[in-house]
Amino acid sequence: MRSRIALVGMPGSGKSTVGRHLARHLGWRFIDSDHEIERRIGGSIRAFFEQQGEPAFRDLEQQVVADLAQSVDTVLATGGGTVLREAVRRGKEVTAVVEL
């Protein structure tokens, strides 16, 4: 069994809600990539997106998801646009991906 599960889907599809329940059921850690991004930038994603633009945000998002994908026994809820980057989609090789 793989030790990482990434949940992907449209905004509002339930990734965080399902992720928390799944992690609790498995006895794993739950991480929301959007919350981790906001923690790293010290502010909101919306403000960063507006000030720095989409390409800068996607670069940051890609790095954060790559970092988080190294965690073991983890359920990761990703942002709605995470799969827009090919490098993130390639991460499926090391993580089980569930689309909601």
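Two strands count as paired if DSSP finds at least two bridges between them. Strands (E, at least two residues) and helices (H or I, at least four) are DSSP runs, numbered from the N terminus. Keep that in mind as you click around.

Before you start: this is a predicted model, where local features need pLDDT of at least 70 and side-chain atom pairs count only at pLDDT 80 or more, while totals for chains, interfaces and linings use all residues. Residues are numbered from 1 along each chain as its sequence is written, and side-chain values use heavy atoms, with hydrogens and water left out.

**Stop 1: the strands**

Select β3, residues 74-77. Strand β2 (residues 29-32) runs parallel to β3 and is joined to it by four bridges. Which residue of β3 is the bridge partner of I31? It's L76.

Look at both faces of β3. T74 and L76 on one side, and V75 and A77 on the other, are all buried (under 20% relative accessible area with a 1.4 Å probe, protein chains only; over 50% is exposed, and in between is partly exposed).

**Stop 2: the cores**

Next, select I31, I37, I45, F48, F57, V64, V65, L68 and L76. These nine make up the largest nonpolar core, meaning a set of buried Ala, Val, Leu, Ile, Met, Phe, Trp, Tyr and Cys residues joined through side-chain atoms within 4.5 Å. Helices α3 (45-52) and α4 (54-68) are the elements that give two or more residues to this core, and α4 gives the most, with four. A second, separate core has five residues, including I5, L7, A23 and W28. In soluble globular proteins, nonpolar side chains tend to be buried together.

**Stop 3: K15**

Go to helix α1 (residues 15-26) and pick K15. Buried or exposed? K15 is buried, because its relative accessible area is 9%. A polar atom of its side chain lies 3.1 Å from the backbone oxygen of G9. Leaving out residues up to four places away in sequence, K15 touches L7, F30, A77 and L100, among others (contact means heavy atoms within 4.5 Å).

**Stop 4: E36**

Finish in helix α2 (residues 33-41), where you'll find E36. With a relative accessible area of 14%, E36 is buried too. Not counting residues up to four places away in sequence, E36 touches V64 and L68, and both of those belong to the largest nonpolar core.

Note on methods. A polar contact is a pair of N or O atoms within 3.5 Å; within protein, one must be able to donate a hydrogen and the other to accept it, and residues adjacent in sequence count only if both atoms are side-chain atoms.
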